[in-house]
Every structure is written in C-alpha cells, then in structure tokens.
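Hi everyone, thanks for having me.

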Amino acid sequence: MNKSHSDTTQLYTLNPLTRFSDKAADYAKYRPSYPSEAIDMILQGLETSQVIVADIGAGTGISSRLLAQRGVQVIAIEPNAAMRQMAESHQLVVREGTAEATHLPSNSVDIVTCFQAFHWFNPEPSLQEFYRILKPSGRLALVWNDRDRQDAFTAEYSRLVREASNNHPAESRLKLVEPLFANPYFVNIQEDKFAYKQELDLPGLIGRALSVSYIPNEELAKQQLIANLQQLYHLSCNDQGIVYMSYCTSVYLASPNQ
C-alpha cells in the first residue's frame with residue numbers, strides 16, 4: 001500500500017463490520033485490557049448503580065466487562081456475530097447494532113463508550129447517533145490503547161506489524177479523534193492519558209499480533225511474522241519468559257451540546 005493511499009483511506013470504508021470475524025478467538029484471548037484509572041475517569045462523580053452504559057463496538061466484551069464490574073448496567077453493541085458470541089459467553093447484555101444505528105431508544109443511556117473502536121466508525125453519523133441515545137446529562141467516552149513507541153520492545157513489535165500489514169492505514173488510525181473536536185453534537189471535551197503494560201509470554205505475543213484485523217491470512221506472510229516475533233521475544237524476554245507491551249491509554253470525555 002503506497003503512502004498516499006495510506007494517508008487518505010478512511011477506515012470505515014475497509015469492511016469494519018466483518019473484518020474481525022476470523023480474529024474473534026485471538027482477540028478475546030490476547031488483546032490488552034485497560035487501566036483502572038481510565039474506567040475511574042469515565043465513571044467519575046456518578047452513582048454507578050444508577051448508570052446505563054452503551055458500549056459501542058464492544059467486540060468480545062473486554063471493556064464491557066470492566067464497566068460491568070463497577071456495578072453499572074452495560075449494553076454491549078456489536079455488529080459482528082463472532083465477536084458477539086464471545087461477549088455473550090461472559091453473561092453480558094449484547095445486542096446487534098452499529099455505531100451509526102444502535103437501535104437504542106433516544107435519551108436512554110447515561111454514558112456512551114467506544115474502546116479501541118471509534119476509528120472504524122463513520123464519524124459524523126456515529127456522533128449524531130451517540131447524541132440521540134444519550135440523556136442530556138450524559139457523557140461520551142472515546143478510549144484508545146496506543147502502543148508506546150518510546151519503548152524499544154513495543155517499537156520493534158510495531159515495526160514488524162506495520163511491515164507484515166503492508167503499512168495498513170489503521171496502524172496510524174487516520175483522523176483518530178479530530179471528528180470529535182470538529183462536530184456540533186459534543187462540547188466540553190477533556191483528555192487524559194494513562195500508562196499501561198500488557199504482560200505476554202511467547203504464545204501471548206504471537207496471539208496479540210494475529211488478533212490484528214489487518215494482518216494478512218496468507219500463510220507465508222503469517223509464518224514470517226511469527227518467526228520475526230519469536231526472534232524478538234527471545235531477545236527481549238526476562239528470566240520468567242515474559243515481555244511487556246507498553247501502551248499509552250487515551251481517554252476523551254465529552255458532554256452533549258445542549
């Protein structure tokens with residue numbers, strides 16, 4: 001993929017509804033969680049037992065479970081059947097829907113969350129839909145785990161993934177959060193960042209890479225990536241056979257524009 005294409009591609013045009021179908025098992029098992037401080041920020045000042053959260057693009061339910069553990073009522077919205085099946089195995093309330101059409105009633109939820117997902121949505125209709133389903137007193141939270149390329153191990157892992165994916169545009173998550181700042185539906189945007197580390201053994205490191213939707217399924221390319229990851233692991237692991245992927249977790253909170 002040449003640079004000019006990579007610079008202009010909108011990720012919501014790249015088949016986001018089905019692209020994770022064959023990745024669901026790896027996604028559920030090997031994707032990172034999120035720091036407790038990020039969940040604290042989203043729920044700050046709320047009586048959690050009274051809170052209804054719509055977790056949009058919930059995937060296998062990683063973020064939905066973190067929220068549910070705090071006592072809030074979570075409705076996980078996910079368009080992909082394989083991902084929904086994984087989420088349902090954790091006793092979550094899971095419904096079929098997209099960011100652009102959640103099928104939830106207007107003014108029905110206190111918080112809309114999007115963890116590691118907003119870059120796959122068509123931003124304008126999605127933000128309009130979030131505004132519709134939120135109560136006037138509600139809040140929107142967009143969250144990303146961004147790999148910390150200041151960390152040498154994480155930077156080399158990122159290089160291998162970028163190379164294996166032929167420089168897929170999702171590696172740079174084009175127009176990541178700019179639509180939130182440019183839209184008319186949400187105001188009072190605040191941002192915070194938190195450090196987070198994911199502990200991985202060798203199967204975990206390989207599974208983490210293979211959970212990425214834009215890693216090709218072509219066997220030769222996949223085997224080359226695995227060989228490169230094995231080499232990286234053996235150069236980097238500690239005495240317990242563990243490597244650490246470093247992330248910077250970004251949380252953006254916004255209020256509906258009244």
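I'll start with the sheet, then go to a few helices and single residues, and end with the cysteines.

Quick housekeeping. This is a predicted model, so local features need pLDDT of at least 70 and side-chain atom pairs count only at pLDDT 80 or more, while totals for chains, interfaces and linings use all residues. Residues are numbered from 1 along each chain as its sequence is written, and side-chain values use heavy atoms, with hydrogens and water left out.

Okay, the sheet. When I say helix or strand, I mean DSSP runs numbered from the N terminus: helices are H or I with at least four residues, strands are E with at least two. Two strands pair if DSSP finds at least two bridges between them. What order do the strands of the open sheet come in? There are 7 of them, in the order S3-S2-S1-S4-S5-S7-S6, and the pairing is mixed. Strand S3 (93-95) and strand S6 (186-200) stand at the edges with a single partner strand each, so one side of each has no neighbour in the sheet. On average, neighbouring strands here are turned by 20° against each other, ignoring direction; for angles, axes are lines fitted to C-alpha atoms, for helices over the stretch in contact, and angles run from 0 to 180 degrees between N-to-C directions.

Now let's look at some pairs. Strand S2 (residues 73-77) runs parallel to S3, joined by 3 bridges, and isoleucine 75 sits opposite valine 93 in S3. S6 and S7 run antiparallel, with 13 bridges; there, tyrosine 196 faces tyrosine 247 in S7. S5 and S7 are antiparallel too, with 8 bridges, and leucine 142 has tyrosine 252 in S7 as its bridge partner.

Is S7 mostly covered or mostly open? Mostly covered: 11 of its 14 residues are buried. Buried means under 20% relative accessible area, exposed means over 50%, and partly exposed is in between, using a 1.4 Å probe and protein chains only.

Leucine 140, over in strand S5, is buried too, at 0% relative accessible area. Leaving aside neighbours within four places in sequence, leucine 140 is in contact (heavy atoms within 4.5 Å) with residues including Val112, Phe130, Phe186 and Tyr252.

On to the helices. Threonine 154 belongs to helix H7 and counts as buried because its relative accessibility is 0%. Not counting residues up to four places away in sequence, threonine 154 touches Arg147, Asp148, Tyr244, Met245 and Ser246.

In helix H3 (residues 36-43), the buried residues include Ala38, Ile39 and Leu43. What covers them? Among the elements covering the buried residues of H3 are helix H4 (62-68) and strand S4 (109-115). After H3 comes glycine 45, with a positive phi near 80°.

Here's a loop residue: isoleucine 215, between helix H9 (202-210) and helix H10 (219-236). Isoleucine 215 counts as buried because its relative accessibility is 3%.

Last, the cysteines. How many disulfides are there? The count is 0, where a disulfide is a pair of cysteine sulfur atoms within 2.5 Å. Cysteine 237 is partly exposed, at 27% relative accessible area, and cysteine 248 counts as partly exposed at 27%.
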